[in-house]
Amino acid sequence: MAADSPRVFPVDEFVRDELYPGYRQAFGSQPFVAGPVRPFSRADNARYWLRDSLHFSEGMVPASIALLDDAQTWGAQLGAEIVGVPPTRGSVNRLAGTHVYIGTIDVDTTWQMQARAARFGQYVGPILADFDRYWGMRAAELQAAYDHFDALDLARMDPGQLWTVVKDAYAFHRRAWFIHFEVMYVLTANYLAFYGLAEEIGLAGSQVSGFLAGERTFYSRTDEELWRLAARARELEVSEPLLREEPRSVRPRIEALPHGKTWWRELEEFLAAYGQRTEETCRIDTPSWIEDPAPALHAIASFLAKPAGFDFYAARAAAIAERDAQIEAARRAVNGGDLARFNGALASNRAANFAWWNEEHNYLIDRRAAIPVRRATLELGARLADSGAVTRPDDLFFLFKPELFEVMEAGSGSGSGSSAWAELAAMVPDRRDYFEHWRERGPSLPTMLGTIPRTVPDPIMIEVFGLSGHFLETLRSESGAGAGSGTGETAAEIRGFPAAKGVVEGVARVITTVGDLHTVLPGEILVCGGTTTEWTPAFGIIAACVCDTGGSLTHAAIVSREYGIPCVVGTAIATQTIKTGDRVRVDGRAGTVQVLA
Amino acid sequence: MAFDGRAFDGRAFDDLTPDDAVLELGAIRSDDHRRIGPKMARLGQLAADGWRVPDGYAVTAAALDGWLPAAARSELERVFTAPVTPDYGGHEHLAWLAEQARQLIEGQPLPAWLEDAVAGAQDRLEHRTGQGTALRVAVRSSAVGEDGAAASFAGQYQTYLGISGTAAVLAHVRKCWASGYSAHALAYRRRFGGAGPPRAHDLAVGVMQLVDARSAGVVFTLDPVTGDRDRCVVEANWGFGESVVSGQVTPDYWAVDSGSGRILERREGIKDVWSVLGGAGGDAGPGVRLASLPADLARSLCLSDDEVRYICRKATELAAAQGVPQDVEWAIARDLDLPDRVFFLQHRPETTWAAFDPVAYALRNVFKVPGT
């Protein structure tokens, strides 16, 4: 045997089908902290499952399932475990067809709660005391990874290098989501403590996120840039094609105009700085704005429909003045030791501000972490399509990660013509049909499945997803006829969480997926399941916002305050009760929505 | 600790001298924090750096660690670890354990060597200050390992003001010790387990000349509400600082631009009481008590602009030297000229949520973890 050849001690004699006689370990039964993404099983009827249309409105292709596993499943479970969140071990996911439902893993013994509480105190205290430095470290780590992946010239790589990039990108994705939940759990605890204190000393908990408003985020800057581009479009006289043409065909029309090239160059400069984002979370099949700027072009077109523009300076000044007035009023209402505690809680939450981070982190994690996986997978798909192993580069989106890894690791990167590839490729058309079938069914899926509880023990789920007692009660008593019909009055009234104050009457526009957002007209009242970062541009043109889900910490609540429009969230049934074109009256302080006609 | 099992029943250690039991202020440097706690170590370093700090001495944690008899120590250990759940009566049970600990500690005489060491240091302090036995001191707990994660536990320990004479000082050293076993402290310790906060007996005690304060208070080198590091905030009242520190009054308030020293804001507080010398029961006893503030004082600011600017300038210097924002307690002596009249009593890194611990609050009231 040559000196440099590897030495092998064969494992053959230890190879078994069973772990012990009578026990065969199932795939996926061990590697998770609590449990991987699975389809529903009958046992799932015993507990509640919330449709997460907030984050995943259109369904998941097979390759996205691994990304979901990294995020809301494994990331949340590991984050909750390491931080030691007392009431929850994180979230689990089930799939209805291709659509994501979320459930929680409650901690239900006193000893476990206490043991987790002990390590929670040790873990969270120092982070909250020095949050700037801590988040700065995490943000720098994420940015360094993006700098690495973005700089790679994938087209020039040999197959082995390219496959290494795919694996690195998946590993990074998992790490990014652990950071997400680690930080999220730390910050929600800080926020919920302030919320609880406010209620204890006689203030309304619903005010608390208002106390934390007025901070600029990456997304508010994006929005300001989009409004600026709309104003430039008017100045440079390129508005007409933006308003009339579909994004796909608009570029030649614009560049044919005298100042068209100038405007398009400014758009590209904007995209270079702000375009590393996709429309949804964990979706390998959604392009970044750089690949396809349609969302930016839609937003600019809708801004052009509001010629007065949106005065960010005035809106922010008003939001800050409103915030400071609320804080002063709160301070006058409490005294002595309560005032000191209020000030302490406020200072802690300003230094480690969930309302700010909730917007800011999306650019570094939710909307970006999957882009390196997508880029590398598409390049790999292009090579495989060239070699005839698959038909289209994005056929790889319809393979599950373990399938891809198995065939790639076995064939060391060049699998063309192998029977394994033929088998996989043959499944792709059916899987495409399956995805399409479920994409169409998405809007009609129930908000909750399983057993709807009276209360949810995890306060984080209550604030982030809005699972209040009212929300649950509304779903429990839902007769299919809509709410408020029992009174016999002409106006049906829907109740929810009062997220941003103000009273407005207007015409409703019901939207179920972010892709339809560009149909919203200035002055309309947006009615939707829930909003995320991608919906932000709409807040500059709508008159009010009403959501099925959400609590004080949800995106719509936070952004409505920044834009100074009324908002009611957590109504449970708004999208089923209200129709586009209905005249509605939104009272953001009372948390009510009346359907007038 | 090397003294385990040898210092019982009041017998002296063979190898522990008064030098190990007591450190005088002039000898203290910042790296003494493991012996006397960061609070006293910082103060000694401040004095060594030429700041005006009240004279005094520290009783080391080592001296106190060896003091209790074995039976008392194991009894204390039992109190420390006894299971307390709602089934055992919850907080009442905890209060009962705390009372047992207090009696155990306060009923125990200090060993002669320790009494001698304290008596010697007290004598020398009375001599140095020229006040003899009329000298009034502050007896302050100084927890070892107080900084960092355990900082909020340090708040469980007590401080006693206006104490005179060796016997009273010794009695209050014991009280400081016992305060680590209050019901509140026991509850806190259980919530966070053993690893975070210090053990109760990791405690030193500082004895400092009490500054006869005309006015006193705190200065933060950042705005404690907004976190703005470009301004200092001063809060103060007439008399001793206790009325401010314990939140008994809405103090007078100044915001000062740290760079230029310009006073940005002056706000008169709602000062209906102040802290003055005297026992809780009446005027004659030892200690410091709250009394009604005379109306003419209540309606006037307790610091001149010059004093405010001086305090902020010094605090800003200190924060720059320490590298982190500081929270400084100070007092202004009667009958001295600026700058001599300003004494610095303690300083620590500013923890913005000193008045509110979001972690403890979330565990107790949001996640509702039993026993927190």
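## Strands 7 and 8 of chain B

In this predicted model, B:E235 has B:Y253 as its bridge partner in strand 8 of chain B. Strand 7 (residues 231-238) and strand 8 (residues 252-257) of chain B run antiparallel to each other and are paired over six bridges.

## The six-stranded sheet

Six strands of chain B form an open sheet in the order 9-8-7-6-12-13, with antiparallel pairing. Strand 9 (263-267) and strand 13 (342-349) of chain B are at the edges; each has a single partner strand, so one side of each is left without a neighbour in the sheet. On average, and ignoring direction, neighbouring strands here are turned by 15 degrees against each other.

Which helix packs on this sheet? Helix 12 (residues 305-322) of chain B does, and its contacts include strand 6 (213-220) and strand 12 (326-333) as well as strands 7, 8, 9 and 13 of chain B. The direction of helix 12 makes about 145 degrees with that of strand 12 of chain B.

## The five-stranded sheet

Chain B also holds an open sheet of five strands, in the order 1-2-5-3-4, and here too the pairing is antiparallel. At its edges are strand 1 (22-24) and strand 4 (159-163) of chain B, each pairing on one side only. Neighbouring strands in this sheet are turned by 20 degrees against each other on average, direction ignored.

Within it, strand 3 (residues 137-143) and strand 5 (residues 203-209) of chain B run antiparallel and are joined by seven bridges. For a residue-level handle, look at B:V137, whose bridge partner in strand 5 of chain B is B:Q209. Helix 8 (residues 166-179) of chain B packs on this sheet, touching strand 2 (56-59), strand 3, strand 4 and strand 5 of chain B. The helix 8 direction makes about 30 degrees with that of strand 3 of chain B.

## Nonpolar cores

The largest nonpolar core has 174 residues, and A:I300, A:I542, A:V546 and A:C567 have the most contacts inside it. Helix 4 (residues 159-200) of chain A gives the most to this core, with 24 residues. Why does the core lie between two domains? Domain 1 (218-312) and domain 2 (466-470 + 483-595) of chain A both give residues to it, so it lies between them.

Leaving out residues up to four places away in sequence, A:V546 touches A:I525, A:V527, A:V568, A:T571, A:A574, A:V586 and A:V593.

Technical notes
Residues numbered from 1 in each chain as written. Chains lettered and ligands numbered in written order. Predicted model: local features only at pLDDT ≥ 70, side-chain atom pairs only at ≥ 80, totals over all residues. Pairing = 2+ DSSP bridges. Helix = DSSP H or I, 4+ residues; strand = E, 2+ residues; numbered from the N terminus. Axes fitted to C-alpha atoms, helices over the stretch in contact; angles between N-to-C directions. Contact = placed C-beta atoms within 7 Å. Core = buried A, V, L, I, M, F, W, Y, C linked by C-beta atoms within 7 Å. Buried ≥ 20, exposed ≤ 12 C-beta atoms within 10 Å, placed from the backbone. Domains from an automatic or database assignment.
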